[in-house]
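Here are my notes on this one, jotted down as numbered points.

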Amino acid sequence: MTQGRSAKRRHESGWVRMYESVKIMGERNSGTNFLQSAVYQNFTAHVHLESGRLSRAQSLQVQAEPTPKARAQLTEKLLDALHLEQAMLNGGWKHAALHIDALDRFSQTRNVLFLCITRHPATWLRAMHRAPFHMVGPAAKAFSDFIRQPWQTRLRDDLDIALLPSPVALWVQKNRLFHRANRARENVRLIRYETLVEAFEPTLAALPLARRARRELFVPIANARSFIPDKTDYHTYKARIAMDPWAGYTDADKAHVLAELDANLMSELSYH
């Protein structure tokens, strides 16, 4: 876990502010559900959750569309609008970019800690290829094509760029903003997914949140993404992060991804 400069000074002074609520953020397939489950299980803080469900009237409106493509397009449009409506209520979509001005507006009247989670881009790209949630259009079948495929952003991504050159650029844009917020604001923590899984207890113990009444931290073992019917769990996560993140990449694919990444950001996040 990395801390901003103000957070480091506060820690060195011996005074640690405790937060009453949490907003969890991170790009898709970065571990937000696992982190959310861990916070729920171990801390008393309120977790600000966006409502990702359409109203009954909106659902009926979607069902009235004549084709699956039209229904999908309308659903995404309505979810974009929902993010904008909820931004000041619960922080909006957890996968959105985190801009400091929006952060300040949301936390102005709340004692809220932002927990942002990031994941090594090599394994994140593999996960996104398997499950490209909320992607505009179909994902390329071949991984080599996918990592070179232009990525159209959603309105609720909160990025100023409508079309990115690839999903690699999406990782860079989002994580650059998470890192910037972490450096600038004391109520932001940026957690590496790999660190959370590998060093679960010390990572959670360092958070300025009130613990639940149990002696030991509870590790959520079951698959954190209950909406996906697979058999992955905490033990699977640990086994995966022990592997070389670039395993299975061709030399050309690895070179392409590294060329599109921000070398300074990778260094700041201790990724190689």
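1. Let me start at His95. Leaving out neighbours within four places in sequence, His95 is in contact with Gly26, Glu27, Arg28, Thr32, Asp157 and Lys174. His95 sits in the loop between helix 4 and helix 5, and with a relative accessible area of 10% it is buried. As for Lys174, it is 79 residues away from His95 in sequence, yet the C-alpha atoms are 8.7 Å apart.

2. Before going further, a word on confidence: this is a predicted model. Mean pLDDT for the protein chain is 91, with 92% of its residues at 70 or more. The stretch I'd flag is residues 5-10, where pLDDT stays under 50 and the model has 11 contacts beyond four places in sequence. Where pLDDT is low, the predicted coordinates should not be read in detail, so please take those contacts in residues 5-10 with that in mind.

3. Is Trp93 buried or exposed? At 8% relative accessibility, it counts as buried. Beyond four places in sequence, Trp93 is in contact with Met25, Arg28, Glu50, His83, His134, Arg156 and Asp157. Arg28 and Asp157 are among the contacts of His95 as well.

4. Helix 2 covers residues 32-42 and is mostly covered, with eight of its 11 residues buried.

5. Now for helix packing. Two packed helices are described by the angle between their axes and the distance between the axes. For helix 3 (residues 56-63) and helix 4 (residues 68-90), the angle is about 150° and the axes are 8 Å apart. Angles over 145 degrees count as roughly antiparallel, so helix 3 is roughly antiparallel to helix 4. Their crossing is right-handed. On the helix 3 side, Gln58, Gln61, Val62 and Gln63 meet Arg71, Leu74, Thr75 and Leu78 of helix 4. That contact splits into three nonpolar, four polar and one charged residue.

6. Which way does helix 6 lie relative to helix 8? The axes of helix 6 (residues 121-130) and helix 8 (residues 167-184) come within 10 Å and cross at roughly 125°, which makes helix 6 oblique to helix 8. This crossing is right-handed. Pro121, Trp124, Leu125 and Met128 of helix 6 make the contact with Pro167, Val168, Leu170 and Trp171 of helix 8. By class, the contact has eight nonpolar, no polar and no charged residues.

7. Arg192 deserves a look. Arg192 is in strand 7 (residues 188-192) and is buried, with a relative accessible area of 18%. Beyond four places in sequence, Arg192 is in contact with Thr118, Leu269, Ser270 and Tyr271. For Leu261, the C-alpha atom is 17 Å from that of Arg192, and the two residues are 69 apart along the chain.

8. Last, the backbone. Most residues other than glycine have a negative phi, and most peptide bonds are trans. Ser270, one of the residues in contact with Arg192, has a positive phi of about 60° although it is not a glycine. Ser270 is in the segment after helix 13 (263-268) and counts as partly exposed at 45% relative accessibility. Asp158 also has a positive phi, near 60°, and is a residue other than glycine. You'll find Asp158 in the loop between strand 5 (151-152) and strand 6 (163-164), where it counts as partly exposed at 26% relative accessibility. I'd look at both in the viewer.

How values were computed: Residues are numbered from 1 along each chain as its sequence is written. This is a predicted model: local features need pLDDT of at least 70, side-chain atom pairs count only at pLDDT 80 or more; totals for chains, interfaces and linings use all residues. Side-chain values use heavy atoms; hydrogens and water are left out. Axes are lines fitted to C-alpha atoms, for helices over the stretch in contact, and angles run from 0 to 180 degrees between N-to-C directions. Helices (H or I, at least four residues) and strands (E, at least two) are DSSP runs, numbered from the N terminus. Angles under 35 degrees count as roughly parallel, over 145 as roughly antiparallel, 65 to 115 as roughly perpendicular and the rest as oblique. A crossing is left-handed if the near helix is turned anticlockwise from the far one by less than a right angle, and right-handed if clockwise. Contact means heavy atoms within 4.5 Å. Ala, Val, Leu, Ile, Met, Phe, Trp, Tyr, Cys and Pro count as nonpolar, Asp, Glu, Lys and Arg as charged, and the others, Gly among them, as polar. pLDDT is the predictor's confidence in each residue, from 0 to 100. Buried means under 20% relative accessible area, exposed over 50%, partly exposed in between (1.4 Å probe, protein chains only).
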